[in-house]
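Here is a brief report on a single protein chain.

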Amino acid sequence: GDAVTQSRLCRGWSITQLAGGYRYCADDVLCAQLALSASPGAKRMLDLGSGVGTIGLIWLAQQPRPLRDGICTMLEAQVVSVALCRETLRRHGLESAVDLNHGDLRNPEVLANVASSGGFDGIT
(Lines give C-alpha, C1' and ligand atoms only; values in the text may rest on other atoms or scores of the structure.)
Protein backbone atom coordinates (compact mmCIF):
# COMPACT_ATOMS: atom_id res chain seq x y z
CA GLY A 1 0.00 0.00 0.00
CA ASP A 2 0.84 3.65 -0.01
CA ALA A 3 3.16 5.02 2.67
CA VAL A 4 1.42 6.85 5.51
CA THR A 5 2.62 9.27 8.14
CA GLN A 6 1.48 10.30 11.59
CA SER A 7 1.39 14.09 11.64
CA ARG A 8 0.85 16.09 14.82
CA LEU A 9 -2.53 17.80 14.83
CA CYS A 10 -3.71 19.11 18.21
CA ARG A 11 -4.32 18.07 21.83
CA GLY A 12 -1.45 15.61 21.54
CA TRP A 13 -3.28 13.85 18.72
CA SER A 14 -1.65 12.93 15.44
CA ILE A 15 -3.47 12.29 12.20
CA THR A 16 -2.84 9.41 9.81
CA GLN A 17 -2.43 10.63 6.23
CA LEU A 18 -0.80 9.57 3.00
CA ALA A 19 2.86 10.51 2.74
CA GLY A 20 2.49 11.40 -0.93
CA GLY A 21 -1.16 12.48 -1.14
CA TYR A 22 -3.19 15.38 0.13
CA ARG A 23 -1.82 16.65 3.43
CA TYR A 24 -3.87 18.65 5.88
CA CYS A 25 -3.01 22.33 5.82
CA ALA A 26 -3.96 25.78 7.07
CA ASP A 27 -7.23 25.64 5.10
CA ASP A 28 -8.44 22.80 7.34
CA VAL A 29 -7.43 24.65 10.51
CA LEU A 30 -9.14 27.83 9.28
CA CYS A 31 -12.35 25.96 8.41
CA ALA A 32 -12.43 24.36 11.86
CA GLN A 33 -11.87 27.75 13.50
CA LEU A 34 -14.67 29.30 11.43
CA ALA A 35 -16.99 26.46 12.47
CA LEU A 36 -16.13 27.04 16.12
CA SER A 37 -16.66 30.79 15.75
CA ALA A 38 -19.94 30.46 13.83
CA SER A 39 -21.46 28.03 16.33
CA PRO A 40 -19.56 28.42 19.61
CA GLY A 41 -22.12 26.45 21.61
CA ALA A 42 -22.51 23.63 19.10
CA LYS A 43 -23.17 20.28 20.74
CA ARG A 44 -23.07 18.18 17.54
CA MET A 45 -21.06 18.67 14.36
CA LEU A 46 -21.58 17.26 10.85
CA ASP A 47 -18.44 17.22 8.73
CA LEU A 48 -19.32 16.60 5.07
CA GLY A 49 -16.41 15.55 2.87
CA SER A 50 -14.36 14.90 5.99
CA GLY A 51 -11.31 13.47 4.24
CA VAL A 52 -8.92 12.11 6.86
CA GLY A 53 -10.88 13.89 9.60
CA THR A 54 -8.82 17.00 10.22
CA ILE A 55 -11.63 19.56 10.58
CA GLY A 56 -13.85 17.34 12.71
CA LEU A 57 -10.95 16.40 14.96
CA ILE A 58 -9.92 20.02 15.50
CA TRP A 59 -13.53 20.83 16.40
CA LEU A 60 -13.67 17.76 18.66
CA ALA A 61 -10.50 18.83 20.47
CA GLN A 62 -12.27 21.99 21.64
CA GLN A 63 -15.24 20.17 23.17
CA PRO A 64 -15.69 19.61 26.91
CA ARG A 65 -14.56 16.32 28.42
CA PRO A 66 -15.67 13.64 28.69
CA LEU A 67 -16.65 13.49 25.02
CA ARG A 68 -20.20 12.34 24.37
CA ASP A 69 -20.90 9.44 22.02
CA GLY A 70 -21.70 10.55 18.46
CA ILE A 71 -20.82 14.20 19.09
CA CYS A 72 -19.28 14.45 15.60
CA THR A 73 -20.56 12.79 12.42
CA MET A 74 -18.24 12.56 9.43
CA LEU A 75 -19.09 11.62 5.84
CA GLU A 76 -16.37 10.87 3.29
CA ALA A 77 -16.57 9.40 -0.23
CA GLN A 78 -13.00 8.13 -0.64
CA VAL A 79 -12.34 4.68 0.79
CA VAL A 80 -8.68 5.41 1.53
CA SER A 81 -9.52 8.58 3.46
CA VAL A 82 -12.13 6.74 5.54
CA ALA A 83 -9.57 4.03 6.37
CA LEU A 84 -6.96 6.62 7.39
CA CYS A 85 -9.49 8.50 9.53
CA ARG A 86 -10.64 5.25 11.15
CA GLU A 87 -7.01 4.51 12.08
CA THR A 88 -6.63 7.97 13.66
CA LEU A 89 -9.85 7.52 15.65
CA ARG A 90 -8.77 4.06 16.82
CA ARG A 91 -5.30 5.21 17.86
CA HIS A 92 -6.72 7.99 20.03
CA GLY A 93 -9.75 6.10 21.39
CA LEU A 94 -12.25 8.39 19.66
CA GLU A 95 -14.39 5.76 17.88
CA SER A 96 -17.43 6.33 20.09
CA ALA A 97 -17.26 10.15 19.86
CA VAL A 98 -17.21 10.10 16.04
CA ASP A 99 -19.74 8.48 13.74
CA LEU A 100 -17.62 7.92 10.62
CA ASN A 101 -19.56 7.15 7.43
CA HIS A 102 -18.39 6.15 3.97
CA GLY A 103 -20.51 7.48 1.12
CA ASP A 104 -21.07 10.24 -1.40
CA LEU A 105 -23.12 13.19 -0.14
CA ARG A 106 -24.58 13.56 -3.65
CA ASN A 107 -26.42 10.27 -3.07
CA PRO A 108 -29.78 11.13 -1.45
CA GLU A 109 -29.92 7.79 0.41
CA VAL A 110 -26.47 8.32 1.95
CA LEU A 111 -27.29 11.86 2.98
CA ALA A 112 -30.66 10.80 4.44
CA ASN A 113 -28.94 8.06 6.46
CA VAL A 114 -26.41 10.50 7.92
CA ALA A 115 -29.11 13.10 8.64
CA SER A 116 -31.25 10.50 10.43
CA SER A 117 -28.81 10.42 13.35
CA GLY A 118 -30.27 13.68 14.63
CA GLY A 119 -29.90 17.44 14.46
CA PHE A 120 -26.57 19.18 14.07
CA ASP A 121 -25.61 22.56 15.50
CA GLY A 122 -22.72 23.00 13.07
CA ILE A 123 -21.98 21.74 9.58
CA THR A 124 -18.73 21.97 7.65
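## Surface and basis

Accessible areas come from the Shrake-Rupley method with a 1.4 Å probe, and for residues only the protein chains shown count as cover. The accessible surface of the protein chain is about 6500 Å². Carbon and sulfur atoms hold 55% of that surface.

The model is predicted: local features need pLDDT of at least 70, side-chain atom pairs count only at pLDDT 80 or more, and totals for chains, interfaces and linings use all residues. Residues are numbered from 1 along each chain as its sequence is written, and side-chain values use heavy atoms, with hydrogens and water left out.

## Fold

The protein chain has four helices and six strands. Helices (H or I, at least four residues) and strands (E, at least two) are DSSP runs, numbered from the N terminus. The order from the N terminus is β-β-α-β-α-β-α-β-α-β.

The C-alpha atoms fill a box of roughly 35 × 30 × 25 Å along the principal axes. Contact means heavy atoms within 4.5 Å. Among contacts between residues at least 6 apart in sequence, 68% join residues at least 24 apart.

## Burial

Of the 124 residues in the protein chain, 44% are buried (under 20% relative accessible area, 1.4 Å probe, protein chains only). Helix α2 is mostly covered, with eight of its eight residues buried. Among them are I55, W59 and L60.

Note on methods. Buried < 20%, exposed > 50% of the residue type's maximum accessible area, 1.4 Å probe, protein only.
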